[in-house]
Amino acid sequence: MNTRQLAERTRGPLYLPGTEGYDEQRLGFQLLEPHKPSVIVAVTGTQDVQAAVEFAAETRSPLAVQASGHGLAAPTEGVLINTRRMSGVRVDPQTRVACIEAGATWQQVIEAAAPHGLAPLSGSSPGVGAVSYTLGGGVGLLARRYGFAADHVRRIDLVTLDGRLHQVTADSDPDLFWGLRGGGGNFGVVTAMEIDLVPVARIYGGSLSFEVEQVPDVLEAWHRWTATMPDEMTSAVSTLTYPDLPMLPEPLRGRQVAQIAISYAGPQEDGRRLAQPLRSLGPILRDTLRELPYADSGTVFDEPDQPHAYRSRNVLVNDLGPRDLADLTKAAGPSAPVMTVVGVRHLGGALAREPRTPNAIGHRDATYAVWVLSPVQAGEQQVVRETHRAALAPFAGDALGCSLNFTFGPLSGDEIRSAFAPADYDRLVKLKTQYDPHGLLHANHSFPLAG
Ligand SMILES: Cc1cc2nc3c(=O)[nH]c(=O)nc-3n(C[C@H](O)[C@H](O)[C@H](O)COP(=O)(O)OP(=O)(O)OC[C@H]3O[C@@H](n4cnc5c(N)ncnc54)[C@H](O)[C@@H]3O)c2cc1C
């Protein structure tokens, strides 16, 4: 098959290098080292996906899939399937199930679920692709109450590298169903997914911001507070030093600020009472805690929504020492060599419990995810890498492994392995070898082939 024949088989358009729209189609949220494909297929349905996969298999071209492009780690020069046009969401309020197409963002799922008083297990940023997030596990705003998004998947429609469409369920193909939920996009191209929704219409949430100079131990205070919280409370802390720039509000310029973001899945009186110790930590720069519809949950973390270049790493741990948290705070301080944001997410609760149908997610027992992220300007890659290594070094001795979903940038084989229990990793490599025997599929973090 050549690209002309491929174009005849697809309803969605093809984009070749140098043609109009090529750049718009290949770029996603992550602008660092974007895909440079020899052909982009802007798929509109399963048949388009099958044609693109068969083309890649026949021409032995590397194949990558991009939804909203938040997680790009391994750019491709081969075939890129862009799923943005497949963004349909169907909600069945009776069974509390949503059928989501490959390119739907969480915002689209949230909007479809909200009129029924339901919510998906979405994350901090509603612009993230729901399918990609779920394939990688998915730690959301209701995570400690309900677990990983991948724990609540009923069916996955998958086109494998031989072009065949499978409706993968716990009964139809237990091994593949296990691996797809946590193993990422390593085994084929997902066209749609059936996921559970939860009966959450409103949460108590938002954030509290403090100046670190005034509350130097804010990370440790949050850490102590998390140990007293019920599963309904999911929270995180982060800190960064704002540049001293005139376009920023005066109170933030050149100052190190820490933000505690919370999401409480219960009555607002309880949420307010549980958050009270945080309000007492010191002078508050900004307080957005309130009861809010889940449809506004993107305001809780209030993350940047404009595409940019960034790198991020993380470690999963079971406990945090005050000294380590002080070092972590300093890593994002005014003396950081590049702009550095550090943070910790509170895990545990339902995340630690095995779902009814086990999946490939690693390190369920981890209690905290410690992460470091930097926007990357030209020529800064090396210094960013070194800064990130240094920031996470205090946690290396206690690290259980890392989370692939929260890693933005390439990882070594050992680092990818560290995301899973050893036996599970071997099982994932076996599945990869079975379903992608030529290693064509460039997943965000790809498993090697066995042997
Ligand atoms: C600002 C921000 C906030 C985030 N918040 C959270 C959070 O709260 N919780 C959390 O768990 N994660 C979070 N993440 C991580 C996010 O879940 C992953 O990076 C996810 O992979 C991004 O999905 P995407 O569609 O946006 O990215 P893309 O780059 O489009 O996709 C990422 C990867 O998913 C795979 N993939 C995508 N579509 C398919 C498909 N149809 N079939 C097979 N494989 C596919 C591919 O391997 C692809 O490289 C966040 C990331 C960012 C940048």
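Guide: Before we start, a word on classes: Ala, Val, Leu, Ile, Met, Phe, Trp, Tyr, Cys and Pro count as nonpolar, Asp, Glu, Lys and Arg as charged, and the others, Gly among them, as polar. Also keep in mind that this is a predicted model.

Visitor: Now the sheets. What should I look for, and in what order do the 5 strands of the open sheet come?

Guide: The general idea is that strands of a sheet pair through backbone hydrogen bonds, either parallel or antiparallel. In this model the order is S5-S6-S9-S7-S8, with antiparallel pairing. Strand S5 (89-92) and strand S8 (165-168) sit at the edges with a single partner strand each, so one side of each has no neighbour in the sheet. From one strand to the next, the twist averages 10°.

Visitor: How many bridges join strand S6 to strand S9?

Guide: There are 5, between residues 97-101 of S6 and residues 189-196 of S9, and the two strands run antiparallel. To find one of these, go to Cys99, whose bridge partner in S9 is Glu194. Then look at helix H7 (residues 174-183), which packs on the sheet and touches strand S7 (153-159) and S8. The direction of H7 makes about 95° with that of S7.

Visitor: What is the order of the 4 strands in the other open sheet?

Guide: Read it as S1-S2-S4-S3, this time with mixed pairing. Here strand S1 (14-15) and S3 are the edges; each has a single partner strand, so one side of each is left without a neighbour in the sheet. Strand S2 (residues 39-42) and strand S4 (residues 79-82) run parallel, joined by 4 bridges. Helix H3 (residues 46-58) lies across S2, S3 and S4, at about 170° to S4.

Visitor: And helix pairs? At what angle do H8 and H11 pack?

Guide: In general, two packed helices are described by the angle between their axes and the distance between the axes. Helix H8 (residues 218-226) and helix H11 (residues 322-331) pack at about 135°, their axes 8 Å apart. H8 and H11 are therefore oblique to each other, and their crossing is right-handed. Leu219, Glu220 and His223 of H8 make the contact with Pro322, Leu325, Leu328 and Thr329 of H11. Back to our classes: this contact has 4 nonpolar, 2 polar and 1 charged residues.

Definitions and conventions:
Residues numbered from 1 in each chain as written. Predicted model: local features only at pLDDT ≥ 70, side-chain atom pairs only at ≥ 80, totals over all residues. Pairing = 2+ DSSP bridges. Axes fitted to C-alpha atoms, helices over the stretch in contact; angles between N-to-C directions. Contact = placed C-beta atoms within 7 Å. Parallel < 35°, antiparallel > 145°, perpendicular 65-115°, else oblique. Left-handed = near helix turned anticlockwise from the far one by under 90°.
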